[in-house]
Amino acid sequence: MPAKLTLFPSQRAPRLLVLRDGETLEVGRDPRSDLVIEDRRVSKRHARLRWAGQGWAVEDLGSKNGTTVNGEPPLPGAELRNRDWISFGGLVGSFETLTAAQAATLDSERLARIQTSAVMRRRLSGDLERIDLLLRFLESAMLVTQTERGFVLVAGPDATLRAEVAAGFTPEELDHDRFRGSVGAVRQAIETGRPVVASDARLDPRLGKRPSVVAQGIGSLACVPLRREHRLLGLIYVDSLRVGPAFTDVDVQTLEILADHTAAVLAGAGFRETDRRPLGPLERELVATLQRRLRELLPAV
């Protein structure tokens, strides 16, 4: 019977893995591991998920921080049960048994997301006006993540990030002090150069403690840099005021693919300031307010 292992890394989307009958996987930070986990708490060779004939068992491989099942060291040969919680050195994962139909559904959903990202990439063409390209990118990102609001920042000739497009916000929301929570995620993505993802921002150890996040009631957010050859070209931010379905690693991978594609188009299309299609009055007001708030908050967040 197949099973599902869902890992919950800090500051990243949950990672889902379908386990097949007969599989045995070595877990660790080593790139040669069957299941590579990039987390400092996890040893290079940390644990082994072993097929035990009718199900899976987990055994520690002498890791520094240990492996537990439901808070206790795993018993030798004991099979994992449905809804067991596994800790790999502090990185928590949930184990669930699946029917063959459920495993097939997960495979189909993953394939559908991959196909959707291919369709979305085709819509992000270098033939578009710069503003239309960024608007389509933002719309696609909000669709993938099932979020309600967002904006795209693009680096100018002086490498300063400036707002280009935004959607779902009102000027009043951007002007409110609660907007600091959103900018905190932006700064974190800039500093680390990596996506910042929270399926429930209020529970996130770094973002959830911000009074602005609590007050604004941000349910989920994602902030992904746009990079080209190690150069930051911009970033995209999306969020939702409701806690929706948890982002999965496939959602974030799709968002990163769209970001990489958009960055490539921006870098190769030779856009100039004079090529810009003018924004409408409401769009101009929203982007101007966003830009002003970013200038105020980014240095201090």
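Two ground rules. Residues are numbered from 1 along each chain as its sequence is written, and side-chain values use heavy atoms, with hydrogens and water left out. Because the model is predicted, local features need pLDDT of at least 70 and side-chain atom pairs count only at pLDDT 80 or more, while totals for chains, interfaces and linings use all residues.

Let's begin with the sheet. Helices and strands are DSSP runs, numbered from the N terminus (helices are H or I, at least four residues; strands are E, at least two). Two strands pair if DSSP finds at least two bridges between them. The sheet is open and has five strands, in the order S2-S1-S9-S8-S7, with antiparallel pairing. Its edges are S2 (15–19) and S7 (67–69), each pairing on one side only. On average, neighbouring strands are turned by 20° against each other, direction ignored. That angle comes from axes fitted as lines to C-alpha atoms, for helices over the stretch in contact, and angles run from 0 to 180 degrees between N-to-C directions.

Look at S1, residues 3–7. S1 and S2 are antiparallel and share five bridges. Thr6 has Leu16 in S2 as its bridge partner.

Next, the salt bridges. Side chains of opposite charge can pair when their charged atoms come close. The rule here is a side-chain nitrogen of Lys or Arg within 4 Å of a carboxyl oxygen of Asp or Glu. How many salt bridges does that rule give? The count is 18.

I need one more term. Buried means under 20% relative accessible area, exposed means over 50%, and partly exposed is in between (1.4 Å probe, protein chains only).

Take Arg130 and Glu164. Their closest N and O atoms are 3.0 Å apart. This pair links distant parts of the chain: Arg130 is in helix H2, Glu164 is in strand S11 (residues 161–167), and 34 residues separate them. Buried or exposed, what is Glu164? Glu164 is buried, at 1% relative accessible area. Arg130 is at 8%, so Arg130 counts as buried too.

Now Glu59 and Arg48. This salt bridge has its closest N and O atoms 3.5 Å apart. Glu59 sits in strand S6 (residues 56–60) and Arg48 in strand S5 (residues 47–51), eleven residues apart. Glu59 is partly exposed at 27%. Arg48 is partly exposed at 22%.

Arg187 and Glu191 meet at 2.6 Å, N to O. Arg187 is partly exposed at 28%. Glu191 is exposed at 53%. Elsewhere, salt bridges that share partners join Glu26, Arg45, Arg48, Arg50 and Glu59 into one network.

Back to helix H2, residues 130–145, which also holds Thr145. Thr145 is buried, at 5% relative accessible area. Its side chain makes a polar contact with the side chain of Thr147, at 2.7 Å. A polar contact is a pair of N or O atoms within 3.5 Å; within protein, one must be able to donate a hydrogen and the other to accept it, and residues adjacent in sequence count only if both atoms are side-chain atoms. Thr145 and Leu221 are 76 residues apart in sequence, and their C-alpha atoms are 8.6 Å apart.

Last stop: Trp85, in strand S8 (residues 84–88). Trp85 is partly exposed, at 44%.
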